[in-house]
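User: Could we go through this structure together? I would like to start with the secondary structure.

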Amino acid sequence: EAISVVSRPVVEDSMDGLYKVEYLIFKAGDYTLRITLNGQPIMDSPFQFFARPGQPSPAHSTTEGEGVVRFVAGTAQTFIVQARDAASNPLDEDIGEVSVSIQWENYDTLTTMQVLDD
């Protein structure tokens, strides 16, 4: 799997020895950031960090399993809802409470249920 593309850094040189670098990472995961000055690592480089997923995005969330495409009346079926952020990263437990609403139509009544993340 390819590592996400890091945007081209925007470097502002104020001629005072301070440099602002902006970057954008789309894929959640562990990263190592190496920073050098005149070819030599700066103090404490390399830096280790974890890029967390963003907020839930219904447009990028997915389902999988037979329960969303077919079933046999009178038998139990299952499916999985994978909540994802706008970059399609699966959400992690640190995102907080996420609820999923499921509605069955064309039944005797409209049935809605809330499913909380375990």
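Analyst: Helices (H or I, at least four residues) and strands (E, at least two) are DSSP runs, numbered from the N terminus. The chain has zero helices and 10 strands. This is a predicted model: local features need pLDDT of at least 70, side-chain atom pairs count only at pLDDT 80 or more, and totals for chains, interfaces and linings use all residues. Residues are numbered from 1 along each chain as its sequence is written, and side-chain values use heavy atoms, with hydrogens and water left out.

User: How many salt bridges does the structure hold?

Analyst: There are two salt bridges (a side-chain nitrogen of Lys or Arg within 4 Å of a carboxyl oxygen of Asp or Glu). One joins arginine 52 to aspartate 92 at 3.3 Å, N to O. This pair links distant parts of the chain, 40 residues apart: arginine 52 lies in the loop between strand 6 (47–51) and strand 7 (62–64), and aspartate 92 in the loop between strand 8 and strand 9.

User: Is aspartate 92 buried or exposed?

Analyst: Aspartate 92 is buried (under 20% relative accessible area, with exposed over 50% and partly exposed in between, 1.4 Å probe, protein chains only). Its value is 15%, while arginine 52 is partly exposed at 39%.

User: And which side chain does glutamate 66 meet in a salt bridge?

Analyst: Glutamate 66 meets arginine 70 at 2.4 Å, N to O. Glutamate 66 is partly exposed at 42%, and arginine 70 counts as exposed at 53%.

User: Changing topic, what share of the chain is buried?

Analyst: Of its 118 residues, 14% count as buried.
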